Amino acid sequence: MTSGRGWGVGVPVQAHPALAAAASAALEAHAVATAEHDRATLAAIVAEGADGTPTMRIDVLVENAILGALARHPVNVLSEETGWVDNGSAVTLVMDPVDGSANAAAGVPLSAFSAAVAVDGEFTEALTVWLETGRSWWAGPGVASTLRTTGRRELAGAAVSLLRPHPANPPAAAAWWEVARRAARIRILSTSCLEGALVAQGATDAFADAATDTHRLVDLAASVVLAEAAGGAVRDVFGRAVELDTDLTKRWSGVVAATPDLADELAEVLRDAYRAAS
């Protein structure tokens, strides 16, 4: 799997069997869905997810394929659309079947399958797979990670990915623009899991939600493992711990950064700017 640059292609042979089965099913289902359906069909809202947000058809097609593959692996599952599936296991798979659903449905090649394995409540392993290319990022127990962040320690001069600004939310917009003013480069990719993996790879310095409490656990779980294995850190703008919780209505304003110093600074800048404008 490893390319020597932290990322690989496809599903690593070392991955937990349930994690590997889920990722493989996601890749296949995404390929079939995008080949067989037009954009309007994939983007159609067909349900409401367990997190209370609209569910697109592409989400259902991919998640159903994953759940079918996981029938042979009786782990617990926490998934964006279905929610909590308790199989009485010590192992839980926290997954986002299609992160960046709007991108995937529209044909913008920026979407990902992303999942983390938790054992007795502790995250131990994670895999994010770029669905349109097969590029993947993995970190697991007992294996030295080849992922390395940029090592940047301060926001000044950093390259930062951000969730879109919210002009209807003035305090959040103020927080967004404060980071944009200090950073050297801003990107908006609309796929939190992929952006977190790019921080772990060292392709960018940080990714954040500008104090809008948009992130669910499925958006951040893999980054907790990947970023920390690479020398980085995950924070919440308002200081809440990012840990296993089966309640998908809980929200975070996640920060994934190349170092703990940068993560703490970015969270502080966002928090202070948000509160000053509130």
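The following is a dialogue about how terms are applied to this predicted model.

Student: What counts in this model?
Tutor: It is a predicted model, where local features need pLDDT of at least 70, side-chain atom pairs count only at pLDDT 80 or more, and totals for chains, interfaces and linings use all residues. Residues are numbered from 1 along each chain as its sequence is written, and side-chain values use heavy atoms, with hydrogens and water left out.

Student: What makes residues 135–139 a strand, β9?
Tutor: Strands are DSSP runs of E with at least two residues, helices are runs of H or I with at least four, and both are numbered from the N terminus. Strand β9 has five residues.

Student: Why is β9 called largely enclosed?
Tutor: Buried means under 20% relative accessible area, exposed means over 50%, and partly exposed lies in between (1.4 Å probe, protein chains only). Four of the five residues of β9 are buried, so the rest of the structure largely encloses this strand.

Student: How do you know that β8 and β9 pair?
Tutor: Two strands pair if DSSP finds at least two bridges between them. Strand β8 (residues 122–130) and β9 have four bridges, in the antiparallel sense. Ala-126 stands opposite Ala-139 in β9. In the hairpin of these strands, with four residues between them, Gly-134 takes a positive phi near 85°.

Student: How many bridges join β1 to β9?
Tutor: Two bridges join strand β1 (residues 8–9) to β9, and the strands run antiparallel. Gly-8 has Ser-136 in β9 as its bridge partner.

Student: What makes strand β6 mostly covered?
Tutor: In β6 (residues 91–99), nine of its nine residues are buried. Seven bridges join β6 to β7 (residues 112–119) in an antiparallel run, where Val-94 stands opposite Ala-116.

Student: Why are α5 and α8 called oblique?
Tutor: Axes are lines fitted to C-alpha atoms, for helices over the stretch in contact, and angles run from 0 to 180 degrees between N-to-C directions. Angles under 35 degrees count as roughly parallel, over 145 as roughly antiparallel, 65 to 115 as roughly perpendicular and the rest as oblique. The axes of α5 (residues 170–182) and α8 (residues 260–277) come within 8 Å and cross at roughly 135°, and the two helices are therefore oblique to each other.

Student: Which residues of α5 and α8 meet?
Tutor: Contact means heavy atoms within 4.5 Å. Among the residues that meet are Trp-176 and Arg-182 in α5, and Leu-266 and Tyr-274 in α8. By class, this contact of α5 with α8 has 13 nonpolar, no polar and three charged residues. Here Ala, Val, Leu, Ile, Met, Phe, Trp, Tyr, Cys and Pro count as nonpolar, Asp, Glu, Lys and Arg as charged, and the others, Gly among them, as polar.

Student: What classes do the residues of the α1 and α3 contact fall into?
Tutor: The axes of α1 (residues 17–36) and α3 (residues 57–69) come within 8 Å and cross at roughly 145°. Residues that meet include His-30 and Thr-34 in α1, and Leu-61 and Ile-66 in α3. The residues of this contact of α1 with α3 divide into twelve nonpolar, two polar and no charged.
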